[in-house]
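Let's take a friendly walk through a protein model. Keep the picture open while you read.

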Amino acid sequence: MIDIDADNLKHGVLGLVIALVEIIRDALRIQAFKRMEGGSLREEEVERLGEALMDLDTAIEQIKEEQGVTQSVQSVREGLDNVVDEVLNTMINPERQREKANEKQVVEV
Amino acid sequence: MLDDNRQEVFVAEKAKAESISGGRYLYCVADSGERVDLGKIGLEGKEVYTIPFVDLCAVVHNCPSEPYRSDDNETVKRWVINHEKVMEAAWERFGTVLPLGFDTIIKGEEDISPDENIRKWLEGDYANLKERIDKIRGKAEYGVQVFWDPKFVGDEIARTNEEIKNLNQEIKSKTKGTAYMLKQKLENLLKREMEKKADLCFKDFYARIKKCVDKARVERTRKMDEKKQMLMNLSCLVDKEKSKEAEGFSVRFTGPWPPYSFVAFG
């Protein structure tokens, strides 16, 4: 049973939200990087982009620290990583997944 | 006391009923034609013994003809661990076993006792069982896991890779924002180089290990902590073990186990 009170609900939701913000930030970073590599940015644009992303990083770290959700955020991201892993593994190696599912069934009885 | 006596009688009756009409919980098939008692090491303290056929035997205990079920995870865990322990006891006693999955039970039928059924099964599948046991006799399963320290390897790559060295130099001379962007480029490069190295190491180790073992099966790697990253997870069938060490890497062997991963059972 999970004990839900106002406090850890806020924690959980905040953790989720920040995790998503981080993921979006990662996507932005990748896009910015592609633009830079593609040569479509002028030097001062690269500078401004870099600074903006740096500020974003700092802001995110600050919020995590102030709200005490650093661990929460990490857990959410690890959980999401595992889900993606499972899906990919099922696609790449369906035979192995079936074996594992059967094993699980026997033990879970 | 009256209650104790009744309890005893109940247990005795149950045992008798099971021996005639219940099921046989199957642990494994062993490389021996002996009829032996292994003691009360089975699930829920049941007496484990063998039912032989020629030079093979089934390692069993008497049970009701239904599978073991429980809603309590701790109980199931206890049973599974018990199952493993009996398997290992059989392996130690008989040298070679074909393990069966947890909760494999053979029942009797209308006019066939469960013991007879087991003998029939051993007889019917004899050639196949014998062949499999011959294949794994004297072998054990070893788990081989190779780890590396990502920081150590990363540093080494940063030191030796030309492109990365140049990039590092360039970053020093740039302004904040641009330096940040270039650091992204650096991280991507480093990641790619590490993946290339991991691939090379995997192929190298795998080839070397393959030479020392009978069979190797690639298993999934697990996430460890930041200091240790699992590069390779193999199940190997071997007669002996060999290991080599390189700086920044560590290897973990587990085993010997009875060769679970190499015995597929329907």
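Predicted model: local features only at pLDDT ≥ 70, side-chain atom pairs only at ≥ 80, totals over all residues.

As a whole, the model gets an ipTM of 0.74 and a pTM of 0.65.

Start with chain A, which has 4 helices and 0 strands. Chain A has 109 residues, and 19% of them count as buried. The accessible surface of this chain is about 8100 Å², with 57% of that belonging to carbon and sulfur atoms. Now take the contacts in chain A with a separation of 6 or more: 77% of them join residues 24 or more positions apart.

How confident is the predictor about chain B? The average pLDDT is 84, and 88% of the residues score at least 70.

| Element of chain B | Residues | Mean pLDDT |
|---|---|---|
| strand β3 (highest) | 48-53 | 94 |
| strand β9 (lowest) | 249-257 | 66 |

Residues 240-247 of chain B stay under 50 in pLDDT, and the model has 7 contacts for them beyond four places in sequence.

Finally, see how the chains meet. Helix α1 (residues 6-38) of chain A packs against helix α7 (residues 176-212) of chain B at an angle of about 95 degrees, their axes 10 Å apart. α1(A) and α7(B) are therefore roughly perpendicular to each other. Their contact involves 6 nonpolar, 2 polar and 3 charged residues. Among them are A:Phe33 and A:Met36 from α1(A), and B:Tyr180 and B:Lys185 from α7(B).

Methods: Residues numbered from 1 in each chain as written. Chains lettered and ligands numbered in written order. Heavy atoms only, no water. Helix = DSSP H or I, 4+ residues; strand = E, 2+ residues; numbered from the N terminus. Buried < 20%, exposed > 50% of the residue type's maximum accessible area, 1.4 Å probe, protein only. Contact = heavy atoms within 4.5 Å. Areas by Shrake-Rupley, 256 points an atom, 1.4 Å probe, with all protein chains shown as cover. pLDDT = per-residue confidence, 0-100. Axes fitted to C-alpha atoms, helices over the stretch in contact; angles between N-to-C directions. Parallel < 35°, antiparallel > 145°, perpendicular 65-115°, else oblique. Nonpolar A, V, L, I, M, F, W, Y, C, P; charged D, E, K, R; others polar.
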